[in-house]
Amino acid sequence: MGKSAFIDEVEISARGGKGGDGVVSFLRERARPRGGPDGGDGGKGGDVWLRASLAMNTLLAHRRLRDVRAANGKHGSGGKRTGGDGEDVVVGAPVGTQILDSATGAVHGDLLRPRQRVLLAGGGRGGRGNAGFKTSVNRAPRRRTNGETGEERRFKLVLRLLANVGLVGMPNAGKSTLLAAVSAARPKIADYPFTTLSPQLGFVADEFGEGVTVADLPGLIRGAAEGAGLGNRFLRHISRTAMLCFVADIAGDPARDCKALESELANSSAADFGEKPKMLALNKTDLLPKAEAEKRTRTMRENFPQFLFVRAVSALTGAGIKELAPLFLQTRDMGGDGDKTVADGNDNGSDNGNRYRYSENKNAAAAK
Ligand SMILES: Nc1nc2c(ncn2[C@@H]2O[C@H](COP(=O)(O)OP(=O)(O)OP(=O)(O)O)[C@@H](O)[C@H]2O)c(=O)[nH]1
Ligand SMILES: [Mg+2]
């Protein structure tokens, strides 16, 4: 998917249908010349809904929508017939879409689970026909009311992908290769920086086919938080992950890379990444002699106690990758918004605090 196809912010306006009018009508039959009022009520105007779909991962299609209108209700008719309701319009949107009121910026809704629906604009109520105004003192009312207009509102839709784990790293660190190695996802991989132009999702499954989603982001560079490169624009897509996995080239300067990544996250306005659990995958071990790779891994573990886990892997050869998957799967039990991730179908909504089944790094809790 090219950069242009990944749209994660759009404005749309939604208008509910107008309610149908009530009508004035009197029963006229040869046998019953004064049959009384029988004007029916108008039908309700249709609603406009947004509905979460797993099949979408961009708001591209919504750019062309702009104005979404539901159908008007039908007018009532004689014989006390109520007009039909206007049809609802249901617009699909990716899971993770936030709905903000354009005028106030307030959060109107958040699509967190597949098939969840949020009402954007309600249809107007139908008017009342004169049949409904009949009383003991007024047996032939000529009163009726018009249908109400539907709600009209403007929203900003903002996509924040929901994933359990977010991969962050410098360009070329091997994030996409890692995603391909742990999941069935087939992101573009190439030997130049900024191969990945938009977030990609992969699914890591356990032996029962249940699992977690992993988001692969475009590479971050120094100054990303200030808007340099592509990374900054996409940081919000990992703002709701349960855990971040830093990916660094072990054959390069992983300590420098990790520090740079941390400062970019610290300066980002997308979220408070300081609070987020982090782990580190030292990638490309195949480029170093085994002893050297082990030594560097130890050093990194000592110097970066904030990482819950430090693992040496080779996304290319697959070394160490099997051991990575369980660490990713662990995030199912972690607190935070990651719990709300239901792309894996694990929608139990449980929230039993922030806990890790285990952490190899005793200092991790204390260090930040
Ligand atoms: N030797 C070796 N090369 C690797 C490994 N993992 C990835 N590479 C190579 O590194 C290059 C970059 O890999 P990508 O997966 O595209 O890196 P990325 O971090 O996704 O890069 P961007 O999307 O540009 O940020 C490719 O040529 C990969 O084949 C590894 O474990 N060992
Ligand atoms: Mg990539």
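In what order do the strands of the open sheet of five strands stand? The order is S3-S1-S8-S5-S6, with mixed pairing. Helices (H or I, at least four residues) and strands (E, at least two) are DSSP runs, numbered from the N terminus; two strands pair if DSSP finds at least two bridges between them.

This is a predicted model, in which local features need pLDDT of at least 70 and side-chain atom pairs count only at pLDDT 80 or more, while totals for chains, interfaces and linings use all residues. Residues are numbered from 1 along each chain as its sequence is written, and chains are lettered from A and ligands numbered from 1 in the order in which they are written.

**The open sheet**

Select strand S3 (67–69) and strand S6 (107–110), the edge strands of the five-stranded sheet, each of which pairs on one side only. From one strand to the next the twist averages 30 degrees, with axes taken as lines fitted to C-alpha atoms (for helices over the stretch in contact) and angles running from 0 to 180 degrees between N-to-C directions. Next, display strand S5 (residues 97–101) beside S6: three bridges pair them in the antiparallel sense. Here Gln-98 stands opposite Asp-110 of S6.

**Strand S2 and its partners**

Move to strand S2 (residues 48–53). Its covered face carries Val-48, Leu-50 and Ala-52, and its uncovered face Trp-49, Arg-51 and Ser-53. In a regular strand the side chains alternate between the two faces of the sheet. S2 runs parallel to strand S4 (residues 89–94), to which six bridges join it; Val-48 has Val-89 as its bridge partner there. With strand S7 (residues 117–121), S2 runs antiparallel, and four bridges join the two. Trp-49 faces Leu-119 of S7.

**Two positive phi values**

Select Lys-80, in the loop between S3 and S4. Its phi is positive, about 55 degrees, although Lys-80 is not a glycine. Is Lys-80 buried, partly exposed or exposed? Lys-80 counts as partly exposed because it has 17 C-beta neighbours inside 10 Å; a residue is buried with 20 or more other C-beta atoms within 10 Å of its own, exposed with 12 or fewer, and partly exposed in between, the C-beta atoms being placed from the backbone.

Then select Phe-194, in the loop between H2 and strand S10 (200–205). Phe-194 has a positive phi near 60 degrees and is likewise a residue other than glycine. Its 15 C-beta neighbours inside 10 Å are why Phe-194 counts as partly exposed.

**Strand S11**

Strand S11 (residues 211–216) is mostly covered, with six of its six residues buried. On strand S9 (residues 165–169), which pairs with S11 in the parallel sense over three bridges, Leu-167 stands opposite Asp-216 of S11. S10 and S11 run antiparallel and are joined by six bridges, with Phe-203 opposite Thr-213. Their hairpin has five residues between the strands, and Gly-209 takes a positive phi near 85 degrees in it.

**The nonpolar core**

Colour the largest nonpolar core, which has 70 residues; Leu-167, Val-214, Cys-245, Phe-246, Leu-280 and Ala-281 touch the most other members. Such a core is a set of buried Ala, Val, Leu, Ile, Met, Phe, Trp, Tyr and Cys residues joined through C-beta atoms within 7 Å. Strand S12 (residues 243–249) gives the largest share of this core, six residues.

**Ligand 1**

Finish at ligand 1. Of the 24 residues around it, Gly-174, Ser-176, Thr-196, Gly-219 and Leu-316 come nearest, a residue being near if its C-beta atom, placed from the backbone, lies within 6 Å. Helix H2 (residues 175–182) supplies the largest share of this shell, three residues.
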